[in-house]
Amino acid sequence: MFVFDTFSFFGKLFLRQYADAVLSVVEKKMHIETVTVLEQKGKKIFGGDYRVLKFASGKVAPRVKPGQFIHLRVTGRDEIVLRRPFSVFKAGKKSLSILYKIIGAGTEIMAQLRPGDKASIIGPLGNGFPMPAKNVYPVFVAGGYGSAALYLLAERTKKKGTLFIGGKTDEDILCVADFRRLDWNVRIATEDGSAGQKGLVTDILKEYLSSEEIKRRQMAFYACGPMGMLEAVAKIAMAGDWKAWLSLDRHMGCGVGACLACVQKIRVAGGRGASDSWKWARICTEGPVFECREIVWGNEE
Amino acid sequence: MRVNIGGIAMKNPVMAASGTFGYGKEYADLVDLNRLGALVVKGISLKPEKGNETPRLVEVSGGLINAIGLQNPGFDGFIKDYLPFLRKYKVPVIVNIWGRSVNEYAEVAAKFNGVRGVHGLEINISCPNIKTGGIAFGTDPHMTAEVVSKVRQNTKLPLIVKLSPNVTKIGDFAKIAEVNGADAVSLINSFPAMAIDIESRRPILANITGGLSGPAIHPIALKMVWEAARAVRIPVVGMGGITSAKEALAFIIAGASAVAVGTANFTDPTIILQVMEGIESYLIRHKMSNIRELVGSLVTD
């Protein structure tokens, strides 16, 4: 009797610890990893102030899903207390790349990184894009380097779709070669006419959708770019009864869902009054991707 | 490194500060919560609160200014959606609470009596972000006395009072808290501050002003901790700009019995562990067998 009880006691203890160990590996959603710079590609390949940074990563990279991001810290400047979020551009089993624009203190430091330098990343973060459903034709809409946030989804879905990309000048039209290599159809618009058609990306999108044949297609939109562009895409999608998955940008604090800085108003079904009809969602955790009908427009940064 | 803060037994003197660690789950993949001395969860009020409009956060040199606005799920939401996860861990959980009136403070405090998994309460009397009348409790001696004594009457839990730095003589406020039944005081909360976008000529935060935290405030926090520790006999928890064991040790030498790490959790979630390890190595190096030998050991002759 005594022997049996001891056995079952230790047996249960062992099983619980084993289960905990297994669960702790299986359930971890994010990792913190010190990564090494493999490549920094600059001005000659991309126009303007854009760069691509490639890191060797064994923990985060293999876990990245399309539309997710990493939270990056570059050390050496203690007065910069926050990490910077970047959509993952490309990711494989041992490395990942991000495309960034040099716009301030943090990105200026990143531009100084050379192969062999180290950085710290937390990731993969965010919900990512849903994979396009079986009979649905993917239409991507990108504002400038929003195309980088969409690239991984194009690479991993077995379908070939169309990318609509817009920007101020040809220097802001990025990743086109990468999409063409995937055999995607790419249509370009620039505000000054220096590449593709003169005008906004939503202009060429609307033209495309004006054909009766196209209008009847089963399509879904996936978009990344300035809020104004995203709102325009949302209106087009809702008018044509298509789904639109939008990746939102927001200033972040912690990046992991604790500080509540990066919030966006999201519709809540069945609310009783004005204040019940919406709730805050964290762009770093419930987002960055939301279906356009969820978003309460008009109060972004 | 064991300490006892007003009845809360901690295995080391390092806490995760309220508002910077969410409700534990957000960081659980990156930091083993069981290693923390204590976890102070984000401020809970009686009813759910939505908090401020965005932008809610802005980075500044050496820190950040936040105006989150105390968004929280309310008492019921905390018990239902957040506490069960925390109960899986051994870390002492301290719940930060606040209210819009003395009665609200007392009511929410009373609700925590008998709640399993809560080891103490920290009352926030100083948050500078809410505009609705009266929340400058921590800058008014009479209101501070009223809130502390009312809460004391309504809770059996260890009671920590988190002091506002926005006062001339913080020692006086520490004394008021002690006299009215606080088991410990924690300080400092963030400093009222603001940031302006000079191109648009608008404040960067939607709330216009917010609370400054991070390395920039450490020297001010240190002086206040020293003043508070000299004024009272109850334990003092020091916080403000800890980014390494160095700042934590300075707080302890100045009289703090424990410390809390806040903004640094955003920079690098492993900093809190480095702080713990650094304190331990320091004690070994200085041949101190007990952290009590270090508390208040500042030499001023």
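**Chain B, its strands and its contact**

Visitor: Which residue stands opposite Met15(B) in β4(B)?
Guide: This is a predicted model, and in it strand β3 (residues 14-16) of chain B pairs with β4(B) in the parallel sense over two bridges. Within β4(B), the residue opposite Met15(B) is Ala38(B).

Visitor: How many bridges join β4(B) and strand β7 (residues 93-97) of chain B?
Guide: Val40(B) stands opposite Ile94(B) in β7(B). The two strands pair in the parallel sense, and the number of bridges between them is four.

Visitor: How many of the seven residues of strand β4 of chain B are buried?
Guide: A residue counts as buried if 20 or more other C-beta atoms lie within 10 Å of its own. Strand β4 (residues 38-44) of chain B is largely enclosed by the rest of the structure, because the number of its residues that are buried is seven of seven.

Visitor: What radius of gyration does chain B have?
Guide: The C-alpha atoms of chain B fill a box of roughly 55 × 50 × 40 Å along the principal axes, and 57% of its 301 residues count as buried. A compact globule with 301 residues would have a radius of gyration near 19 Å, which agrees with the value for chain B, 18 Å.

Visitor: How many residues of the side of chain B that touches chain A are polar?
Guide: The contact takes 24 residues from chain A and 32 residues from chain B. The elements giving two or more residues to the chain B side are β5 (57-60), β6 (63-66) and α8 (264-267) of chain B. That side holds ten nonpolar residues and seven charged ones, while the number of polar residues is 15.

Note on methods: Residues numbered from 1 in each chain as written. Chains lettered and ligands numbered in written order. Predicted model: local features only at pLDDT ≥ 70, side-chain atom pairs only at ≥ 80, totals over all residues. Contact = placed C-beta atoms within 7 Å. Nonpolar A, V, L, I, M, F, W, Y, C, P; charged D, E, K, R; others polar. Buried ≥ 20, exposed ≤ 12 C-beta atoms within 10 Å, placed from the backbone. Pairing = 2+ DSSP bridges. Rg over C-alpha atoms; globule rule 2.2 N^0.38 Å.
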